[in-house]
Amino acid sequence: MDSVQRSSVQRDSVRELRLHLVTWNVGTASPPPDVTSLLQLDSQSPAMDMYVIGLQEVNSRITNFLSDLAFDDPWSIFFMSVLSPLGYIKLSSIRMQGLLLLIFVKHAHLPFIRDVHTHYTRTGLYGYWGNKGGVTVRMSLYGHTVCFINCHLPAHMENTEQRLDDFEKILEMQFEEENIPNTLDHDVLFWFGDLNFRIADYGIHFVRESINNKRYNLLWEKDQLNMAKKKEAFLQDFIEGPLQFKPTYKFDLHSDVYDTSEKKRKPAWTDRILWRVKNLCQRASREDDLSEEEQAISVTLNNYISHMSYGISDHKPVTGTFGIELKPLLSDPLVTLSPEGEWSAEHDVLISYSAVPGFPSSAWDWIGLFKVTFKHANDYITYAWVEDDEVSSNEDSKQVYMSAAEIPDMGGEFLLCYYSNNLQSIVGISQPFQIQPNRTVIGKDLAQEENSWMQKPDNLESHNEF
């Protein structure tokens, strides 16, 4: 094969995923009426493959927090209501008091995201209180390890060393599950949140004047995080885009005016998004070329901005839009499944599925029937146990049945998903398909509606006599 053909084949095997990452200290506020611009839903660019949303200071008063432990919190419900109609599912979430991390992905990627694990690290009150710290979600994405850390670090100008110590502690945390790499051993690591670094030395008038003249570069060298990155070895591999937007703290509520209270806090870039690519660190530390697998993932920042129109808290949200180029190390889903024949709510139905050799199946695995706009893995209409409801099996595939009594009478567009108990995730998803409605039930409903409608004129006539 000549070199032109070879490069063409390699390029064709590379996949680019679009990731949109949000960090926002919401100051205990409720969700705003609209997040179209925050999530760039009005963009002319292709749709995102993944949304990662890190919030700080979500309302965690005891009554709210206990309610949120039993049910999804208002912010999770809000983002699910926005993103699920667009074909995103909540893959994972973790909450530690006011810190919340949500991850949404397009349905098509679900079978190629595995080993999803979460962790939290308290750093408030010497590690006993979770008002400060970090929440983490890690996963294998098309065979590459990716980790997301949402942090809320200590406030105030003088606490730089405490912020650095806390972040170092968060990086050192270990996942409880076996065979999960350390945080810094992931192929890609994203670090974001209200990191609370301030602008040192310069007085408030110079800072505000520089901002008013959009000369942000005058402030960069005194930004505490930029200064720390130059001298702290554990930070030097982290990359950040240029701060070409106004400092995002501290604003009067519902305005773009900096703090007019008695304290008149100096503006600062407290809200940040950084990332680290392991193979770049390896390349810098050794002479020889990296193997093809080590080169198989790269990250490009396409957009790093703040969103001044949101005024529900004293922080402005910050977003980063990334392109992740990777060579998929997984090409086939663990389970392939589909509905058998035409489905109708009038009769029992069959599902066919097949698993790759060596798939770790369990008696607790199940296949769920979902609306195409489902919000998360437990948002099923009904389900069938793969062992208890099995009706036939051969070398190539197995069949499972669902009872007509479980199928929605109105029909509509649905998906099937295979949930693995051992892997704690959806490992196979069908193409969308139609279920025909139950004509008998719908006929009865229409007849009842017609009868009630026919009675209305009498009621209206009697009412008009008064």
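Colleague: What makes the 55 residues of the largest nonpolar core a core?

Modeller: A nonpolar core is a set of buried Ala, Val, Leu, Ile, Met, Phe, Trp, Tyr and Cys residues joined through side-chain atoms within 4.5 Å. Buried means under 20% relative accessible area, exposed means over 50%, and partly exposed lies in between (1.4 Å probe, protein chains only). The largest such set here has 55 residues, and those with the most contacts inside it include Leu19, Met50 and Phe190. A second, separate core of 23 residues includes Val26, Leu39, Val58 and Trp75. Keep in mind that this is a predicted model, where local features need pLDDT of at least 70, side-chain atom pairs count only at pLDDT 80 or more, and totals for chains, interfaces and linings use all residues. Residues are numbered from 1 along each chain as its sequence is written, and side-chain values use heavy atoms, with hydrogens and water left out.

Colleague: Which residues does Leu19 touch?

Modeller: Contact means heavy atoms within 4.5 Å. Leaving out residues up to four places away in sequence, Leu19 touches Met48, Met50, Val52, Phe148, Phe190, Gly320, Thr321, Phe322 and Ile324.

Colleague: Why is strand E2 called largely enclosed?

Modeller: Strands (E, at least two residues) and helices (H or I, at least four) are DSSP runs, numbered from the N terminus. Seven of the seven residues of E2 (residues 50-56) are buried, so the rest of the structure largely encloses this strand. Met50, Val52, Gly54 and Gln56 cover one side, and Tyr51, Ile53 and Leu55 the other.

Colleague: What makes E1 and E2 a pair?

Modeller: Two strands pair if DSSP finds at least two bridges between them. Strand E1 (residues 15-25) and E2 have seven bridges, in the parallel sense, so they qualify. Leu19 has Met50 as its bridge partner in E2. E2 also pairs with strand E4 (residues 99-106), in the antiparallel sense over six bridges.

Colleague: Why is the meeting of Lys222 and Asp201 called a salt bridge?

Modeller: The rule asks for a side-chain nitrogen of Lys or Arg within 4 Å of a carboxyl oxygen of Asp or Glu. For Lys222 and Asp201 the N to O value is 2.9 Å, so the pair counts. By this rule there are six salt bridges.

Colleague: Why does Asp201 count as exposed?

Modeller: Asp201 has 62% relative accessibility, so it passes the cut-off for exposed. Lys222, at 22%, is partly exposed.
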